[in-house]
Amino acid sequence: MKLIFEKSVKGRKCDILPKCDVEAVQLPEGLMREAAPRLPEMSETDVSRHYTELNKQVHGVNCGFYPLGSCTMKYNPRIDEEAAAMEGFTNIHPLAPKSSVRGCLEVLDTLRTDLCEITGMDGMTFQPAAGAHGEFTGVLLIKQYHDSRNDKKRTKIIVPDSAHGTNPATAAMCGYQVVNIPSAPDGCVDLEELKKVLGDDVAGLMLTNPNTVGIFDENILEITKLVHEAGGLCYYDGANTNAIMGIVRPGDMGFDCIHLNLHKTFATPHGGGGPGAGAVGCKEFLKPFLPHSALMERPGSLQVRGFMGNFLVCVRALAYVMTLGREGIPEAATNAVLNANYLMSRIKGTFSPAFDRICMHEFVLDLSRYEKETGVSALDVAKSLIDYGMHPPTMYFPLIVHEALMLEPTETEGKETLDWAADVFRKLYELGKTDPEFMHNAPHHTPIGRPDEVKAARNPIVRYTFA
Amino acid sequence: MGSYVPSTEEERREMLAGVGLSDYRELYRDVPESMILNRPLDLPEGKSEMEVRNAMAELAAKNTVYKTVLRGAGAYDHYIPSIVKYIPAKEEFLTAYTPYQAEISQGVLQSIFEYQTMIAELTGMDASNASVYDGATAAAEAAAMCRDRKRRVTLISATTHPDVINTVRTYCYGTNDELLVVPAKDGKTDTEALKSMLNDGVASFYVQQPNFYGVFEDADELGKLVHEAGAMFVMGCNPIALAIMKTPKDCGADVAVGEGQPLGMPIGFGGPYLGFMATTQKNIRRLPGRIVGETTDHDGNRAYVLSLQAREQHIRREKASSNICSNEALCALTAGLYMATMGPDGMAEVANQSMAKAHYLEKALTAIPGVKLRYDAPFFHEFLLDMPKCKEIEQALMEKGILSGLPYEDGMLWCVTEKVSKETLDTVVSVVKEVLA
Amino acid sequence: MTIKPELQYSKDHEWVKKEDDLFVIGISDFAQDALGDLVFVNLPEVGDAVTAGEAFGDVESVKAVSDLLSPVSGTVAEINEELLDAPEMLNNDPYGAWIIKVSDVTATEELLDAAAYEAFCAEA
């Protein structure tokens with residue numbers, strides 16, 4: 001389809017503003033812009049049609065099954081959107097006097113109380129704008145803690161090799177040397193490997209539990225104890241909280257600080273890559289180190305972005321927690337786990353699960369044998385799913401499983417969707433044996449075929465060139 | 001209790017049996033018994049949709065919605081065209097994940113490509129990324145991208161928004177790098193001080209344009225000094241001002257960043273906002289975050305993909321320059337939509353009207369005895385006044401449904417946008433007169 | 001797979017050629033094939049010290065980044081700036097597309113001749 005710039009017609013516009021009712025003011029000579037930016041010139045119909053056309057070329061959770069592992073693509077309730085669009089939230093200035101923003105503060109306080117209860121934490125900040133941003137904030141808490149004790153020798157953060165890529169990148173952003181430890185074959189922490197690297201130079205450990213292959217690490221208490229005995233702190237990557245909320249709490253597993261992805265676990269929409277929110281919770285002793293806004297709250301403390309964070313995302317999350325409440329939270333988790341296990345059991349017999357055991361909210365298929373036999377890769381299967389109206393699972397992650405497809409159905413899918421999805425996988429399993437070529441070329445029914453990524457990277461074109 | 005689980009109890013039993021289990025508890029058999037929460041969560045009972053709607057409306061009603069907002073300081077109350085509110089609420093845009101699967105994400109990818117182009121146009125720079133969290137983190141990421149092995153020190157002007165300085169300081173604390181604040185003189189960056197602080201260890205200098213006090217900095221001159229010392233020049237710009245103001249590119253900036261909230265996002269008690277980041281051709285690969293690139297598919301159709309991914313954390317892991325992944329895609333879409341709706345003339349109109357109205361108010365207020373412009377320099381749509389009784393003025397205006405300028409350092413930092421009518425501004429002046437009489 | 005008889009090879013699949021006092025370094029055909037289509041090369045700066053067995057730069061494909069491990073210790077005397085604009089040269093002509101030249105070499109890793117390298121690759 002055409003780019004918006006290719007639809008622009010000189011002189012077209014939308015009538016938005018009234019005439020200026022005060023005297024015009026000129027910018028001083030040296031400060032003026034030389035030429036106007038070449039922004040599109042469009043009528044309102046043009047704008048509406050353009051974005052509607054774009055919108056048709058997007059697969060959202062509302063379009064169909066979206067089993068994208070580790071991303072928790074659950075249904076995003078519309079009531080949460082309605083709440084976040086209320087004028088009493090959208091039109092509030094962050095620097096308005098406290099007496100004018102009581103409702104906003106109550107939203108944050110209530111959400112904080114609820115999420116602390118769900119995670120077993122004592123304090124929480126909503127300043128981080130995303131999961132990775134939450135990790136950064138959480139590891140900074142660890143850093144400040146050691147600094148406050150003048151414990152300068154702790155220069156390392158331990159990260160298992162099954163971790164999300166953000167974990168090592170975060171540790172590096174916090175000035176730590178990353179110590180990767182090999183996981184046990186099931187993605188769980190290898191206690192012997194952990195013991196080998198623990199020492200008084202370790203600042204902490206970053207861990208996801210259930211881990212990135214969807215298995216709950218049953219040694220978790222031993223792991224956190226060992227780290228604590230070495231003087232380190234334990235950071236919980238909350239990407240997989242949907243499996244356990246209301247059932248077991250990171251705080252009770254021995255973690256000192258955590259982040260939650262409100263856009264995963266608490267059903268706020270992903271928006272095609274944000275905005276989300278990466279709430280960071282911590283135990284009492286870390287509370288003094290939580291970040292604050294210099295202008296809005298108090299100067300002198302750390303701060304990871306402007307003001308108090310993605311507030312309107314917090315409004316959505318609160319509406320969600322309010323809806324589910326005490327019983328609904330564990331019910332969601334249990335059904336997320338049930339759905340994953342059911343789907344895995346239905347696919348079993350075709351593509352093989354990497355770990356054939358009860359999983360948590362997600363599981364990994366290992367297509368390496370199938371790929372050897374048929375030449376059909378995990379990528380080919382993923383792309384073939386698109387033609388059935390299914391969003392592909394996460395591909396080639398975690399790195400410890402080869403030809404991996406990671407599926408997370410979430411609790412908001414019904415049995416018939418899971419049955420249908422399993423049938424699709426079954427069909428593709430057979431198709432790959434008879435017509436691998438067809439799958440190499442998938443998808444067949446999308447606006448574009450597989451794009452040439454090598455070309456895009458070798459010769460980057462990252463903006464439109466005007467004629 | 002509200003629930004979004006579709007399956008009936010009967011279906012759930014069937015599924016459980018299909019897995020070979022008889023009890024839900026068995027799903028959690030890997031979790032040590034001692035750790036399992038053996039009590040209900042201490043949360044209220046779940047609610048129906050209608051109850052939630054009412055409860056949220058009650059919370060919203062505890063806030064004061066002002067008819068007029070004369071407070072900026074990083075959050076700007078511009079008019080948001082109706083279409084800009086509706087389109088981003090379309091469910092596909094709203095609920096999709098990051099567009100890793102290009103074949104079913106061309107809509108999101110193209111919208112970002114268009115946004116990147118518009119940001120490049122607005123700033124005059126060669127390339128933009130797909131967004132970062134907000135203006136403060138954009139400044140911090142810019143500082144990080146300018147550092148190399150030899151040049152580690154970041155300089156930032158004292159005339160920058162305090163939250164931005166604090167955020168950059170925090171990121172520097174992370175990587176154990178030094179941040180030095182260049183002092184201000186008469187409401188602008190002190191060029192003499194900057195000169196004395198520049199040396200071959202300095203990676204970059206950041207200046208906000210217009211700065212926190214609304215004042216225009218002598219950006220060209222600052223840029224020249226920075227380049228003479230071999231460092232990179234980073235400008236944090238107000239995107240509305242950019243419609244009429246000399247571009248960062250023309251001021252010699254190597255990196256242009258800023259807070260994108262004025263481009264169609266509500267002030268929303270501080271977020272979600274949008275950080276924009278643009279740079280020169282030479283530095284594209286140093287940009288953090290996602291970048292959409294144009295390519296073709298096997299039939300030669302034009303196609304868009306997330307490109308240059310090898311810079312990013314999911315590939316480079318601990319060697320990535322930033323851990324950023326998902327950030328503010330829907331806000332970037334909103335900003336692109338806003339700029340397309342306003343067009344080049346509309347954007348200039350927003351900027352010109354905001355500036356004209358701010359100057360109108362400034363002139364009227366400084367005509368009142370005891371009120372004085374603190375920094376006598378060209379300003380955009382914000383200005384800092386020395387005036388007594390700030391708290392009383394705030395209170396008196398509040399009673400008229402007007403949020404006053406921000407009480408700051410024994411004065412008041414005022415901001416006027418195109419939304420405010422002359423009539424309202426006249427009311428403000430008379431209220432201030434009354435209080436100070 | 002091509003292996004040039006006149007070159008020496010490291011076990012990390014770099015080739016080395018001695019030109020007077022300089023050691024010229026590139027990646028082998030085996031390496032470029034395993035790495036896939038390369039899209040970018042991160043090079044050191046002239047004057048940087050390199051250490052045998054440690055990274056002196058990296059190469060990017062679309063989905064991966066791989067360290068370039070130096071087979072020698074010394075000082076970077078020249079870098080092949082053409083690669084910055086045309087990384088595909090490493091795929092198309094791995095033995096023509098040198099990456100860096102190192103001077104003042106103080107140590108080298110164990111280097112294999114062509115026959116030994118061929119045997120080494122066959123095992124891998």
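**Walking through a predicted model, chain by chain**

Where chain C meets chain A, the contact takes six residues from chain C and four residues from chain A, two residues being in contact if their C-beta atoms, placed from the backbone, lie within 7 Å. On the side of chain C that touches chain A, the residues divide into four nonpolar, no polar and two charged, where Ala, Val, Leu, Ile, Met, Phe, Trp, Tyr, Cys and Pro count as nonpolar, Asp, Glu, Lys and Arg as charged, and the others, Gly among them, as polar. This is a predicted model, in which local features need pLDDT of at least 70 and side-chain atom pairs count only at pLDDT 80 or more, while totals for chains, interfaces and linings use all residues. Residues are numbered from 1 along each chain as its sequence is written, and chains are lettered from A and ligands numbered from 1 in the order in which they are written.

The contact between chain A and chain B takes 168 residues from chain A and 172 residues from chain B. To the side of chain A that touches chain B, helix 11 (residues 311–347) of chain A gives the most, with 21 residues; helices (H or I, at least four residues) and strands (E, at least two) are DSSP runs, numbered from the N terminus. That side of chain A is made up of 94 nonpolar, 42 polar and 32 charged residues.

Gly238(A) is buried, because 30 other C-beta atoms lie within 10 Å; a residue is called buried if 20 or more other C-beta atoms lie within 10 Å of its own, exposed if 12 or fewer, and partly exposed in between, with C-beta atoms placed from the backbone. Leaving aside its neighbours within four places in sequence, Gly238(A) is in contact with Ile258(A), His259(A), Leu260(A) and Asn261(A). The C-alpha atoms of Gly238(A) and Leu207(A) are separated by 8.8 Å, although these residues are 31 residues apart along the chain.

Strands of a sheet pair through backbone hydrogen bonds, either parallel or antiparallel. Strand 5 and strand 6 of chain A pair in the parallel sense over four bridges, and two strands are said to pair if DSSP finds at least two bridges between them. In this pairing Gly238(A) stands opposite Leu260(A) in strand 6 of chain A. Strand 6 (residues 257–260) of chain A is covered on both faces, with Cys257(A) and His259(A) buried on one side and Ile258(A) and Leu260(A) buried on the other. Strand 6 of chain A also pairs with strand 7 (residues 280–282) of chain A, here in the antiparallel sense over three bridges, and Cys257(A) stands opposite Cys282(A) in strand 7 of chain A.

Another sheet of chain A is an open one of four strands in the order 8-9-11-10, with antiparallel pairing. Strand 8 (352–353) and strand 10 of chain A stand at the edges, each with a single partner strand, so one side of each has no neighbour in the sheet. Strand 9 (residues 363–366) and strand 11 of chain A pair in the antiparallel sense over four bridges, and there Leu365(A) stands opposite Leu405(A) in strand 11 of chain A. Helix 13 (residues 378–386) of chain A packs on this sheet and touches strand 10 and strand 11 of chain A, its direction making about 40° with that of strand 11 of chain A; axes are lines fitted to C-alpha atoms, for helices over the stretch in contact, and angles run from 0 to 180 degrees between N-to-C directions.

The loop between strand 10 (394–395) and strand 11 (404–407) of chain A holds Pro398(A), and the peptide bond from Phe397(A) to Pro398(A) is cis, with omega near -5°. Glu403(A) is found in the loop between strand 10 and strand 11 of chain A; although Glu403(A) is not a glycine, its phi is positive, about 50°. Glu403(A) counts as buried, because it has 21 C-beta neighbours inside 10 Å.

In chain B, Asp186(B) likewise has a positive phi, about 55°, although it is not a glycine, and Asp186(B) lies in the loop between strand 5 (184–185) and strand 6 (188–189) of chain B. Asp186(B) counts as exposed, because it has 10 C-beta neighbours inside 10 Å.
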